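Here are some notes to keep beside you on a first walk through this structure. They are meant to be read with the chains in view, one point at a time.

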Amino acid sequence: MKKIKIISFKTKLILTLELLVIIILTTLGILTYNIRQSLIRQVSETKLLAIASSTAAVIDSEKLSSVQTEVDTTGDSYREIRQTLKKIKTANPGIDDVYLMKKTVYKNILKFIVSASDAEDKNGNGSIEENEQGAFFEEEYEISAFPEMANVFNNVVTTDKKISCDKWGCWLSGYAPIIDKNGAVIAIVGVDIPGEEIISYEKEMRKALLEILGTIFILFPLFLFFYLQYILRPISKITKSISEFGGNLKTRINLNRDDEFGLIAKTFNQMALDLEILYTQMEKRVDYKTKELAEIAKRALEEKAKEEAFLDSVGEGMIAIDKEGKVIMANKQAENILGKLSENMLGKRTDEIYNVEDEFGKKLLKGERPLQKALFEKRKISGKYYCVHAVSKIPVFITASPVICSDEILGAILVFRDITRENEIDKAKTEFVSLASHQLRTPLSIISWHSEALSEDREGFSEKQKTYLEKISHATKRMVDLVRALLNTTRLEMGTFSIDEKEVDLVKLAEDILEDIKPLSLIQNISLEKKFSDKAIIFKGDPQLLAMIFQNLLANAIKYSKRDGKVFLEVIKKSPNIIIKVADQGIGITEKQKAEIFTRFFRADNAKEKDAEGTGLGLYIIKTIVENLSGTIFFDSAENKGTTFTITLPEVGMPKKEGTRKLI
Amino acid sequence: MTNSGNQKKILIVDDEEDMREILSDKFLTCGFSVVLAKDGEEGLRMALESHPLVILLDIAMPKMDGLQMLEKLRHDEWGNNVPVVLLTNISDMQKIDEAQKLGIQEYMLKAEWKMAQIVDRVKEIINK
């Protein structure tokens with residue numbers, strides 16, 4: 001925290017206040033001084049005017065008129081006048097001189113008539129200097145330094161406005177006219193007060209004033225300093241404590257006063273205490289929460305480590321992308337397959353990391369890639385693809401699943417495995433199956449055709465021989481059926497069967513199959529019933545696969561019907577699906593074996609009893625085909641009452657699929 | 001091996017002797033004249049020499065297999081138009097497709113058909 005410069009503020013305050021006080025005092029002093037000075041002058045002037053007027057009144061103008069020459073100065077009139085003046089001077093201490101003057105022909109020169117002053121050794125040097133003598137009769141006097149003097153002849157009583165000096169000294173003088181009985185001014189009275197006295201008085205006053213001001217100048221700052229100290233000390237203490245409080249919550253303001261500062265300090269201390277308690281509690285809680293968080297973080301790390309260990313130990317490569325299509329996770333196996341470290345994949349789009357080709361080697365566009373498809377179409381995509389990157393082209397089996405949380409797509413996860421080895425095994429298996437089936441079929445064909453030839457030429461055979469021959473034919477047919485079923489199963493499992501795309505009229509197809517299967521139904525006298533749409537149902541699909549579905553289901557229905565029973569076939573269009581229903585009134589499926597009827601090689605106990613020759617592959621093959629065509633198959637059955645199989649196929653048709661083998 | 005006369009003549013090309021014989025007997029019984037060959041090489045030669053109405057051709061055979069023979073046959077002016085029934089126990093789609101591209105009338109899996117059915121089919125082809 002930045003320290004506040006309290007001194008600077010204090011100094012400024014002191015200086016400002018001091019300056020203010022000094023200005024006020026100085027102004028007051030000057031005002032006082034001026035008032036006093038003008039008061040003193042006024043007193044002096046009044047005194048001068050009073051003395052001058054009274055003197056003028058007591059002087060007999062006639063006697064004064066009689067004094068005209070030097071000789072007249074020795075006369076009684078002159079003496080009497082002088083005596084009067086002297087009395088007036090004595091009666092008014094502070095008066096230096098009282099004198100009478102008359103006009104001359106010169107405007108600024110007057111002549112003395114008489115003066116109250118005698119010659120006097122003022123400086124005490126034993127001799128009378130010129131300026132120590134009184135004025136002579138008819139002594140001329142230059143009055144330009146005393147401008148009011150001339151005015152008196154205009155019959156006014158007046159005083160000089162300032163102290164003026166002549167050879168006798170400096171004076172403040174007052175004047176009054178002496179008027180004869182005709183009203184004419186014949187002379188003037190002059191009264192002098194020594195200027196030095198006024199000046200020195202004024203000087204003393206100024207000195208006293210300066211002394212007072214000086215004392216104030218010295219004492220006032222001191223007073224101000226201590227006063228401000230008194231005021232600012234608590235502020236300083238409070239400020240200091242507050243600034244320290246940030247670093248130390250135990251800081252308190254030690255101020256024992258009853259005023260507002262005391263209240264501030266008390267309130268602050270209370271607040272500090274509250275804060276300290278709160279802080280301590282908070283610290284405890286923070287400690288507790290920190291520990292809890294550390295625990296959570298530790299657990300999360302452990303979980304993450306476990307997860308990573310788990311993900312890394314999975315044999316399949318895994319890549320997770322966010323909804324923008326950027327990689328957010330890739331496990332060790334993904335690194336191995338793609339030949340890239342996960343840190344080089346994170347944050348990138350998968351098309352920046354590798355290319356995808358379909359199983360026939362056609363490069364997929366961005367939107368066709370399984371991961372993007374899963375993300376945009378919000379469905380699981382799986383299949384065989386090629387993963388192509390810088391150094392190699394690896395066959396992979398991919399499953400891409402969208403990650404959806406409350407209807408919001410969060411991203412997608414790609415699980416893939418290198419199927420190079422699987423492909424090799426598949427190829428070997430395919431070749432083996434192909435070869436085996438060929439090798440098996442060749443002797444079967446020979447047996448079959450020779451039995452055929454024999455049965456055409458059976459005239460000479462005994463009944464027993466004929467029966468044997470039939471059994472051979474029948475067994476051969478079973479064997480052929482079994483080889484076919486096995487081969488189809490293998491192809492279905494390997495995904496190598498192909499789906500053709502042709503326009504098939506399902507109604508016609510169903511009719512044809514019913515016709516084909518009629519001989520079989522006649523054996524047990526089973527009636528075939530049908531319910532088809534009036535119009536043709538044109539369906540885009542593989543006629544062979546569709547025929548296989550009908551054949552298998554109808555053959556089963558007939559096979560497992562009771563004598564004289566009914567088999568019912570329904571083919572209808574119910575948008576968006578096509579529904580195929582095959583119902584019988586046969587032996588039904590027992591409750592406990594219902595779950596297993598689509599299992600490969602499984603044969604229900606009651607079915608084995610009825611017909612020992614089945615392969616246990618028919619329903620398995622149908623279910624696999626239907627599901628490959630994006631359809632569904634389900635059944636409803638009651639033991640000894642019958643079974644209904646229902647197949648739904650999307651009316652848009654089957655997806656075309658290239659494959660190496662056809663199902664037959 | 002050649003059955004003389006003006007009867008309907010067919011050529012059976014198959015490496016399996018038992019097959020050839022029983023089938024030949026069947027066709028003979030049904031009034032055909034039959035030419036037999038045990039591999040593709042022989043089959044091609046016989047075909048070009050005897051100009052049968054229909055050729056029944058197996059696939060897996062030594063020396064020259066059925067597909068190679070078919071290819072060569074289709075290069076011949078006469079051979080290019082002769083109907084061929086692929087009669088085999090092979091169900092490899094690639095090979096069937098290949099044969100179909102070269103031109104065959106019918107693909108019949110031996111084990112799935114009776115000889116009588118094969119004869120019927122051949123008759124239908126000839127009658128066309």
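1. Strand E5 (residues 164-166) of chain A is joined to strand E6 by 3 bridges, and the two run antiparallel. Please keep in mind, here and below, that this is a predicted model. If you want a pair to look for, A:Ser164 has A:Trp171 of E6(A) as its bridge partner. The two strands make a hairpin, with 2 residues between E5(A) and E6(A).

2. E6(A) has another partner in strand E4 (residues 158-159) of chain A, also antiparallel, through 2 bridges. There, A:Thr159 stands opposite A:Gly174 of E6(A).

3. Follow E6(A) onward and you reach strand E7 (residues 185-194) of chain A, which pairs with E6(A) in the antiparallel sense over 9 bridges. One pair to find is A:Pro177 with its bridge partner A:Ile188 in E7(A). The hairpin of E6(A) and E7(A) has 5 residues between the strands, and A:Gly183 takes a positive phi near 85° in it.

4. Is E6(A) enclosed or open? Of the 11 residues of this strand (169-179), 8 are buried, so E6(A) is largely enclosed by the rest of the structure.

5. Now turn to an open sheet of 6 strands in chain A, ordered E9-E8-E13-E12-E11-E10 with antiparallel pairing. Why is one side of E9(A) and of E10(A) left without a neighbour in the sheet? Strands E9 (327-330) and E10 (355-358) of chain A stand at the edges and have a single partner strand each, so one side of each has no neighbour there. On average, neighbouring strands of this sheet are turned by 35° against each other, direction ignored.

6. Within that sheet, strand E12 (residues 393-405) and strand E13 (residues 408-418) of chain A are paired antiparallel over 10 bridges. A:Ile398 has A:Phe416 in E13(A) as its bridge partner. Lying across E8, E10, E11, E12 and E13 of chain A is helix H8 (residues 370-377), which runs at about 15° to E12(A).

7. The axes of H12 (residues 543-559) and H14 of chain A come within 10 Å and cross at roughly 145°, and the crossing is left-handed. On the H12(A) side the contact is made by A:Leu545, A:Met548, A:Ile549, A:Asn552, A:Leu553 and A:Asn556, while H14(A) brings A:Gly618, A:Ile621, A:Ile622, A:Ile625 and A:Val626. By type, these residues are 8 nonpolar and 3 polar, with no charged ones.

8. H14(A) (residues 618-628) is itself mostly covered, with 8 of its 11 residues buried. Among the buried residues are A:Tyr620, A:Lys623 and A:Thr624. Just after this helix, A:Ser630 takes a positive phi of about 65°.

9. Finally, the two chains touch: 21 residues of chain A and 20 residues of chain B take part in the contact. Which elements of chain B give two or more residues to its side? They are helix H1 (17-29) and helix H4 (93-102) of chain B. H1(B) gives the most, with 6 residues. The chain B side divides into 9 nonpolar, 3 polar and 8 charged residues, whereas the contact of H12(A) with H14(A) has no charged residues.

Conventions. Residues numbered from 1 in each chain as written. Chains lettered and ligands numbered in written order. Predicted model: local features only at pLDDT ≥ 70, side-chain atom pairs only at ≥ 80, totals over all residues. Buried ≥ 20, exposed ≤ 12 C-beta atoms within 10 Å, placed from the backbone. Helix = DSSP H or I, 4+ residues; strand = E, 2+ residues; numbered from the N terminus. Axes fitted to C-alpha atoms, helices over the stretch in contact; angles between N-to-C directions. Left-handed = near helix turned anticlockwise from the far one by under 90°. Contact = placed C-beta atoms within 7 Å. Nonpolar A, V, L, I, M, F, W, Y, C, P; charged D, E, K, R; others polar. Pairing = 2+ DSSP bridges.
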